[in-house]
Amino acid sequence: MIESINAPTYQTGDRPYRVGFLLIDNFTLVALATAIEPLRMANQLMGRELYNWQLLSADGQTARASDGMTVVPDAGIDDSGEYDLIIVVGGVNVTQSFSSREVQWLRGQARRNVVLGALCTGAYVLASAGLLDGYACSAHWESLAALRERFSQVRCNNRLYTLDRDRLTCTGGNVPMHMMLTLLARRHGQSLANAISDMFVCDRQREDSEEQPVPLRKQLVAAQPKLAEVAQLMEANIEEPVELRELAELAGISRRQLERLFLKHLGCTPSRYYLKLRLDRARQLLKQTSCSIVDIASMCGFVSATHFSRCYRKYMGTAPKAARAAVYTIHQTDEVEHQPRSSAREALQRAQAEPTYGVFTAPSSTQESVGTGGLV
């Protein structure tokens with residue numbers, strides 16, 4: 001089982017938690033934005049500067065994102081201050097986009113016991129510094145093959161994100177937001193994370209156990225176009241599953257050939273793969289919609305709700321009802337504490353000027369005391 005960062009006791013603290021984002025050349029802007037925004041919203045809802053962040057580049061000069069936009073960092077790595085957490089923001093062509101200077105600086109931060117993280121392809125930079133050896137690691141599927149080939153001591157997985165002791169890594173897109181929501185939930189309670197999700201019109205917080213969708217075409221179409229074709233047919237026929245014999249005929253191969261291809265390249269039978277696709281779709285519907293279990297069973301090609309529940313429990317390890325997200329009560333308070341001026345504080349003050357501004361206090365019943373486990 002992959003270890004996770006445990007939640008410290010809910011507490012206000014005497015100073016903001018300091019986060020530095022190291023921008024690697026051609027970094028992905030969406031990954032950076034979705035990692036910062038939960039911190040900003042945590043400050044806004046709590047009415048105080050829980051988190052302070054800085055953008056960093058190797059030399060303090062303008063950093064260019066993969067979409068061509070430029071970002072002016074707050075400091076260079078040699079002029080930066082002290083941090084509780086450093087997050088490497090990677091992007092396009094990461095293997096050629098960082099320098100030994102950045103690697104040495106990250107090693108120095110690790111020696112100071114700073115918690116380290118990575119977004120998108122940034123895990124490759126941490127791995128190059130030897131800072132992921134023995135750790136579980138998530139990264140964008142485009143960089144997973146390079147990570148696995150070059151860094152045998154890194155325990156790569158295909159999960160959306162991973163929190164392992166004093167390391168946190170994730171894939172790209174909007175996944176950083178979900179990783180940061182999990183971090184905030186573990187530091188301050190799930191109710192605050194749910195309130196932030198509501199502000200972002202995010203219907204659910206994705207779990208670290210979920211796997212990133214790796215396009216089958218990217219993996220197989222060049223070497224096994226028939227297998228890719230059948231898999232795409234399966235994905236397009238979830239509600240009314242197609243018989244394996246018919247799938248094989250549509251692909252122009254025999255059923256026996258189809259079974260051999262799945263066993264050789266995907267490690268399972270076609271039936272098992274098809275069932276997994278349907279159960280994955282069911283899990284999405286359970287967590288993202290209010291559809292009844294009977295309706296979801298029908299939408300995912302199961303003959304009855306009983307059959308669906310039995311399959312779901314067997315392969316997902318829990319009953320469909322248990323997969324539904326819990327609802328938390330949100331409370332508000334008007335308490336605002338004075339904090340030193342910073343970019344995070346300025347964002348908070350701008351929010352306070354809005355007529356819709358409100359702050360948040362976790363109910364006392366949800367403030368559980370647990371071990372620190374790495375992130376404090």
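Accessible areas here come from the Shrake-Rupley method with a 1.4 Å probe, and for residues only the protein chains shown count as cover. On that basis the protein chain has an accessible surface of about 18,300 Å², with 47% of it belonging to carbon and sulfur atoms. Keep in mind that this is a predicted model: local features need pLDDT of at least 70, side-chain atom pairs count only at pLDDT 80 or more, and totals for chains, interfaces and linings use all residues. Residues are numbered from 1 along each chain as its sequence is written, and side-chain values use heavy atoms, leaving out hydrogens and water.

Start with the overall make-up. The protein chain comes to 14 helices and 13 strands; these are DSSP runs (helices are H or I, at least four residues; strands are E, at least two), numbered from the N terminus. Buried residues account for 51% of the 376 residues, where buried means under 20% relative accessible area, exposed means over 50%, and partly exposed is in between (1.4 Å probe, protein chains only).

Now find the sheet. Seven strands line up in the order S5-S2-S1-S6-S7-S11-S10, giving an open sheet with mixed pairing; two strands pair if DSSP finds at least two bridges between them. At the edges sit strand S5 (75-76) and strand S10 (161-164), each pairing on one side only. Strand S6 (residues 85-89) and strand S7 (residues 115-119) run parallel and are joined by five bridges, with Val-88 standing opposite Ala-118 in S7.

What lies on this sheet? Helix H1 (residues 29-46) lies across strand S1 (17-23), strand S2 (51-57), S6 and S7, and runs at about 155° to S2. Helix H5 (residues 175-188) packs on the sheet too, touching S1, S2, S6, S7, S10 and strand S11 (167-170), and its direction makes about 30° with that of S10. Contact means heavy atoms within 4.5 Å. The angles run from 0 to 180 degrees between N-to-C directions, and the axes are lines fitted to C-alpha atoms, for helices over the stretch in contact.

Follow S10 next. In a regular strand the side chains alternate between the two faces of the sheet. Both faces of S10 are covered, with Tyr-161 and Leu-163 buried on one side and Thr-162 and Asp-164 buried on the other. S10 and S11 run antiparallel, joined by four bridges, and Tyr-161 has Cys-170 as its bridge partner in S11. The two strands form a hairpin with two residues between them, and Arg-165 in the turn has a positive phi of about 55°. Arg-165 is partly exposed, at a relative accessible area of 29%.

H5 also meets helix H6 (residues 190-199): their axes come within 6 Å and cross at roughly 145°. Leu-181, Leu-184, Ala-185 and His-188 of H5 make the contact with Gln-190, Leu-192, Ala-193, Ile-196 and Ser-197 of H6.

Finally, look inside. A nonpolar core is a set of buried Ala, Val, Leu, Ile, Met, Phe, Trp, Tyr and Cys residues joined through side-chain atoms within 4.5 Å. The largest has 46 residues, of which Val-19, Phe-21 and Leu-23 touch the most other members. H1 gives this core its largest share, nine residues. Residues touched by Phe-21 include Leu-32, Ile-36, Trp-53 and Ile-87. A second, separate core has 33 residues, among them Trp-105, Leu-126, Leu-132 and Val-154.

Notes:
Lists of a residue's contacts leave out its neighbours within four places in sequence.
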